[in-house]
Structures are given as C-alpha cells and as structure tokens.
Amino acid sequence: MKQLLHLFMAVREHPCLTLSDEEWSDITRSLEEISGEWHRQRRDSLSEEILLTLFRALAYRICRAIDDQLGQRSGDKQAKDTARGRNAFYFNTFIEELSRNYMQERSVGFYAERLHLTPKYLTALLRTTTGRTATEWIDEYVVLEAKNLLKYSTMNIQEIAYYLHFSNQSFFGKYFKQHTGMTPSAYRSIK
C-alpha cells in the first residue's frame with residue numbers, strides 16, 4: 001500500500017476516471033471472481049487466502065487503471081506548469097524518498113534537503129496538498145511498518161526497535177504508544 005499511496009492522493013485531485021473497456025473488463029472479472037468464491041461458502045483457511053488474494057488483485061487492477069489515467073494526464077504540459085502540478089511533483093518525490101528512507105531517517109530536514117526545499121516550506125506544501133504535515137507522513141510510515149512487523153514477523157519487540165533504528169526498546173515503545181494509544185505488546189496480542 002505504501003507504494004501505491006501516491007495514486008490514491010492523485011485521485012483526490014482527479015476523482016472521476018473514465019475506464020477503457022479493457023480496464024472495466026478486468027475490474028468486473030475480479031469482482032465476479034470474488035463473488036463466486038464468496039458464494040461457495042467454504043470457510044477453510046485456503047478459501048480465506050484465496051479471497052484475500054482476489055481482493056489484492058482487484059486493488060492492483062484499480063491502481064493500474066488510475067496509474068494509466070495519470071500517465072495520460074501527465075503528458076499535458078499546462079498541468080505540469082501549474083502550482084498544483086508542482087505540488088504533486090514534490091509530494092510524489094517526497095513519498096518516493098520517504099519509502100526509501102523512513103526506517104533510518106525521521107527528520108523533516110533530511111527530506112527537505114533531498115527535495116532542495118526548506119523544512120518549513122516542505123511542511124507547508126504537504127499540508128496544502130494533502131492536509132497532513134511532513135512529520136505526520138513520516139510517523140505514519142514508521143507506525144505502519146511497526147504494526148506490520150508486530151503482526152506478521154517473528155521478531156521480538158527489541159529486534160523490531162533496532163530494525164526500525166530506534167535507540168532502544170523503551171524509546172520505540174513510547175513512540176508506538178504515542179501514535180497508536182497502545183503498547184507494542186498490546187498491539188501484537190490483538191487478533
């Protein structure tokens with residue numbers, strides 16, 4: 001989902017998309033496959049995995065349609081020259097940098113420097129474009145990764161803290177609780 005986030009932000013700018021016949025056919029086929037699997041009413045672990053995979057395929061097909069639409073629109077020179085186009089460019093570049101560096105770098109200054117902007121301007125630009133500050137985006141990525149590791153990895157909490165480049169487990173625990181309202185172990189115990 002982190003890799004596809006920029007697509008969902010672009011939909012905010014262009015909420016209506018015209019699908020080609022092929023795109024519509026792909027999406028409809030996915031919906032029919034999901035419906036067919038659901039109506040079989042097999043409730044074993046494999047059926048659950050099949051449904052999850054079919055939902056993922058549907059999500060990726062929708063993302064591909066969005067990406068194709070954005071690709072067609074990006075050829076329009078005027079759109080690139082507008083402030084909106086610049087803001088979208090900076091947002092997309094910020095998200096790319098964030099996806100590569102969020103585990104090691106949590107300072108707005110680092111990302112601002114990579115985009116050749118001041119931290120204050122980057123934060124203002126992101127708030128205008130997305131309604132969220134640079135710090136909120138950074139924290140969201142780190143917390144999302146921490147949640148994934150807590151739920152789906154075999155690492156203990158100390159290993160996760162070091163993996164995410166926190167100085168120690170205690171600092172990681174405080175950070176996680178501040179952003180989720182629960183401790184890492186409490187989150188891990190939720191089914």
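Predicted model: local features only at pLDDT ≥ 70, side-chain atom pairs only at ≥ 80, totals over all residues.

**Entry 1: charges over rings.** I began with Arg106, which lies over the face of Phe166, 4.0 Å from the ring centre. I then found Arg132 over the face of Trp137, with 4.5 Å to the ring centre.

**Entry 2: around Thr130.** Thr130 has its place in helix α7, residues 119-130. Is Thr130 buried or exposed? Its relative accessibility is 8%, and the limit for buried is under 20%, so Thr130 counts as buried. The side chain of Thr130 reaches the backbone nitrogen of Arg132 at 3.2 Å. That side chain also makes a polar contact with the side chain of Trp137, at 3.1 Å.

**Entry 3: the aromatic cluster.** Back to Phe166, the ring under Arg106. Which residues share one aromatic cluster with Phe166? I listed Phe171, Phe172, Tyr175, Phe176 and Tyr187 alongside Phe166. With ring centres within 6.5 Å as the rule for a pair, the count comes to 10 aromatic pairs. One of them is Phe172 with Phe176, which is tilted, with 6.0 Å centre to centre and 45° between the planes.

Where do Phe172 and Phe176 sit? Both lie in helix α10 (residues 169-180), 4 residues apart, about one turn of the helix. Phe172 has 0% relative accessibility and counts as buried. Phe176 is buried too, with a relative accessible area of 0%.

**Entry 4: α8 against α10.** Next I asked what α10 packs on. The axes of helix α8 (residues 134-152) and α10 come within 11 Å and cross at roughly 110°. That angle makes α8 roughly perpendicular to α10, because 65 to 115 degrees is the range for this label. From α8, I wrote down Asp139, Val142, Val143, Ala146, Lys147 and Leu150 as residues that meet α10. On the α10 side they meet Phe172, Tyr175, Phe176, His179 and Thr180.

Asn148 is partly exposed, at a relative accessible area of 32%. Asn148 and Arg188 are 40 residues apart in sequence, and their C-alpha atoms are 9.6 Å apart in space.

**Entry 5: Glu97.** I moved to helix α5 (residues 83-101), where Glu97 is found. At 9% relative accessibility, Glu97 counts as buried. What does the side chain of Glu97 join? A polar contact of 3.0 Å links it to the side chain of Arg114. Leaving out residues up to four places away in sequence, Glu97 touches Tyr111, Arg114 and Leu115.

**Entry 6: the whole chain.** I finished with totals. The protein has 11 helices and 0 strands. Of its 191 residues, 35% count as buried. Among contacts between residues at least 6 apart in sequence, 61% join residues at least 24 apart.

Methods. Residues numbered from 1 in each chain as written. Heavy atoms only, no water. Phe/Tyr/Trp six-rings, centres within 6.5 Å; stacked < 30°, edge-to-face > 60°. Helix = DSSP H or I, 4+ residues; strand = E, 2+ residues; numbered from the N terminus. Buried < 20%, exposed > 50% of the residue type's maximum accessible area, 1.4 Å probe, protein only. Lys NZ or Arg CZ within 6 Å of the ring centre and 35° of its normal. Polar contact = N/O pair within 3.5 Å; in protein donor to acceptor, adjacent residues only side chain to side chain. Axes fitted to C-alpha atoms, helices over the stretch in contact; angles between N-to-C directions. Parallel < 35°, antiparallel > 145°, perpendicular 65-115°, else oblique. Contact = heavy atoms within 4.5 Å.
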